[in-house]
Amino acid sequence: MINELNKVMEQAYEAFLSYQFVSGQDKKVFLYTIADEIEDLGADLLETASEETNLPIARFIGERQRTCSQLRAFGDLVAEGSWVDAVIDTAIPDRKPLPKPDMRKMSVALGPILVFGASNFPLAYSTAGGDTASALAAGCSVVVKGHPSHPRTSLLVASAIQNAVSICGLHPHVFQHVVGDSHELGKILTQHSHTAGVGFTGSLTGGRAIFDYGQQREIPIPVFSEMGSTNPVLLLKDALNHKAPEFAKAFANSITIGVGQFCTNPGILLGIKSSALNHFTSLLALELSMIPAFKMLHQGIHTSYVSILSKVLSDKGVETVFHAHADGDLVASPVLARVSGDAFLKNPNLHHEIFGPFSIIIVCDNKNQMIDIWKKLQGQLTTTIIGTDRDIKSNIDLLDVARNIAGRIVFNNVPTGVEVSNATVHGGPYPAATDARFTSVGLDAIKRWVRPLCFQDCPDFLLPDAIKDSNPLGLWRKINGEYKR
Ligand code: NAP
């Protein structure tokens with residue numbers, strides 16, 4: 001195995017040496033071609049993904065659309081080109097006491113990137129997902145370690161990317177796909193001397209292990225692990241008084257979408273003891289009772305859901321508000337539980353992600369306790385505030401807490417469903433991610449796969465086009481402190 005993996009990484013490095021110089025326009029054609037090739041897989045891809053995950057075909061129509069739009073959005077970004085953040089500080093030869101040199105910097109590709117996808121998004125967070133799209137856009141070669149729970153889907157998508165490589169006449173090893181279901185494989189690839197960075201989406205245990213492998217190397221590398229989250233939601237009084245039915249419906253759908261197997265699943269709902277919170281709880285249970293139970297992704301996830309659930313529901317002070325009847329292999333019951341703020345604070349088991357259609361309502365004694373619990377939860381991908389203008393104006397201090405715990409603060413909506421935009425942040429303080437300064441979704445994801453490179457007093461004809469005097473690419477650049485095109 002070691003020899004084969006060695007060869008893969010040697011090839012990835014060879015490919016990187018030429019691919020890093022491919023123009024933004026040509027990378028756009030490549031990324032668009034990958035999207036076209038994925039769409040050309042047609043029903044075969046949708047059916048295979050559905051068979052391997054137990055999720056419906058309709059879900060994969062949406063996920064495929066998202067995956068292809070994401071690839072094309074990165075294509076547009078690199079064709080426009082200003083993403084390289086070109087900065088030019090021109091020389092002042094007669095500056096006293098010392099002359100000022102000409103300094104120019106831009107972002108350049110890091111090297112071969114290793115990608116681990118998650119089981120719950122076989123298209124959008126896997127083989128041709130955001131990590132692969134952003135790394136290829138940056139000019140890095142990519143090696144994907146296919147997820148063992150959707151191997152055929154991963155192979156199909158890999159074949160689409162490889163077709164695009166050959167259609168575009170790129171180095172044949174710009175993209176490679178490795179399969180196998182041993183942790184050792186991921187460890188060897190992460191620790192290979194040619195691996196320059198890692199993108200991981202998955203569990204806290206897996207993401208942390210891979211981050212540690214990356215730091216134990218002789219030459220440490222950046223490992224961007226995006227992991228699970230409980231996505232705490234604050235339910236404020238006026239909103240519960242006026243909009244309880246609307247939010248109960250929205251949250252029932254959000255808790256159960258994808259059988260609860262979303263990293264943005266709202267797993268913890270915080271409210272202050274009141275008849276309005278009781279009413280909302282009953283409405284949420286009613287809405288959940290109208291949603292059928294579905295099969296989970298695979299046996300491992302189902303077994304873990306059932307066993308964690310049975311432990312948590314028998315914990316001191318935890319009341320089961322709703323527990324759907326679920327019949328059949330791998331079928332997961334949607335569950336709503338409730339606990340007092342005091343009992344929650346005493347029970348760390350309740351503070352972690354329970355991966356599945358589960359949410360727990362924390363009934364707090366007062367606002368201070370609600371804030372105390374919110375602050376004690378670990379770093380989050382998202383946190384949500386449900387409140388009317390009146391609620392929010394009389395609780396302005398909540399925003400100060402929210403900004404320190406999450407990567408995305410949602411107002412009056414559910415946290416599931418991550419928009420791919422220029423402003424998206426999908427990451428957050430640990431353990432949501434291993435580096436809160438970056439995002440894995442949205443166009444800024446490309447920034448994980450580059451490093452800044454400065455050219456001092458370099459002759460103009462030797463400079464990359466992005467930082468040449470004549471600006472042949474027409475980029476937005478910061479010149480002597482001012483943005484210019
Ligand atoms: P996972 O079990 O951690 O697996 C992810 C990948 O890592 C697989 O390829 C797995 O393959 C590998 N792996 C796991 N542990 C490893 C280790 N110790 N050493 C080397 N490789 C290892 O995660 P999953 O079950 O696929 O995904 C579900 C989780 O992902 C949930 O917690 C969910 O919240 C999270 N998630 C997060 C995001 C996000 O953007 N933050 C998005 C979607 C899902 P092998 O088993 O073959 O080694």
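**Figure 1. Polar contacts between domain 1 and domain 2.** Between domain 1 and domain 2 there are 3 residue pairs in polar contact, with both residues at pLDDT 80 or more; a polar contact is a pair of N or O atoms within 3.5 Å, where within protein one atom must be able to donate a hydrogen and the other to accept it, and where residues adjacent in sequence count only if both atoms are side-chain atoms. On the side of domain 1 that touches domain 2, the residues divide into 3 nonpolar, 5 polar and 3 charged, where Ala, Val, Leu, Ile, Met, Phe, Trp, Tyr, Cys and Pro count as nonpolar, Asp, Glu, Lys and Arg as charged, and the others, Gly among them, as polar. The model shown in these views is predicted, and local features need pLDDT of at least 70, side-chain atom pairs count only at pLDDT 80 or more, while totals for chains, interfaces and linings use all residues. Residues are numbered from 1 along each chain as its sequence is written, and side-chain values use heavy atoms, with hydrogens and water left out.

Figure 2. The protein chain is divided into domain 1 (2-227 + 435-484) and domain 2 (233-411), with bounds that come from an automatic or database domain assignment. The centres of the two domains, taken over C-alpha atoms, are 35 Å apart, and 11 residues of domain 1 are in contact with 13 residues of domain 2, contact meaning heavy atoms within 4.5 Å. Domain 1 and domain 2 bury about 900 Å² between them, 59% of it on carbon and sulfur atoms; buried area is the accessible area (1.4 Å probe) that two parts lose on being put together, summed over both. Across this interface the rule finds 0 salt bridges, a salt bridge being a side-chain nitrogen of Lys or Arg within 4 Å of a carboxyl oxygen of Asp or Glu.

Figure 3. Glutamine 11 is found in helix 1 (residues 2-19); helices (H or I, at least four residues) and strands (E, at least two) are DSSP runs, numbered from the N terminus. Glutamine 11 counts as buried because its relative accessibility is 19%, given that buried means under 20% relative accessible area, exposed over 50%, and partly exposed in between (1.4 Å probe, protein chains only). Although glutamine 11 and histidine 173 are 162 residues apart in sequence, they lie 5.9 Å apart in space, C-alpha to C-alpha. Leaving aside neighbours within four places in sequence, glutamine 11 is in contact with His171, His173 and Gln176.

**Figure 4. Asparagine 395 and lysine 367.** Asparagine 395 has its place in the loop between helix 14 (389-393) and helix 15 (398-405), and it is buried, with a relative accessible area of 14%. The side chains of asparagine 395 and lysine 367 are joined by a polar contact of 2.9 Å. Not counting residues up to four places away in sequence, asparagine 395 touches Leu236 and Lys367.

**Figure 5. Backbone features in loops.** Most residues other than glycine have a negative phi, and most peptide bonds are trans. Asparagine 54, in the loop between helix 3 (42-53) and helix 4 (57-80), has a positive phi of about 70° although it is not a glycine. The peptide bond from tyrosine 430 to proline 431 is cis, with omega near 10°, and proline 431 is found in the loop between strand 16 (406-411) and strand 17 (450-456).
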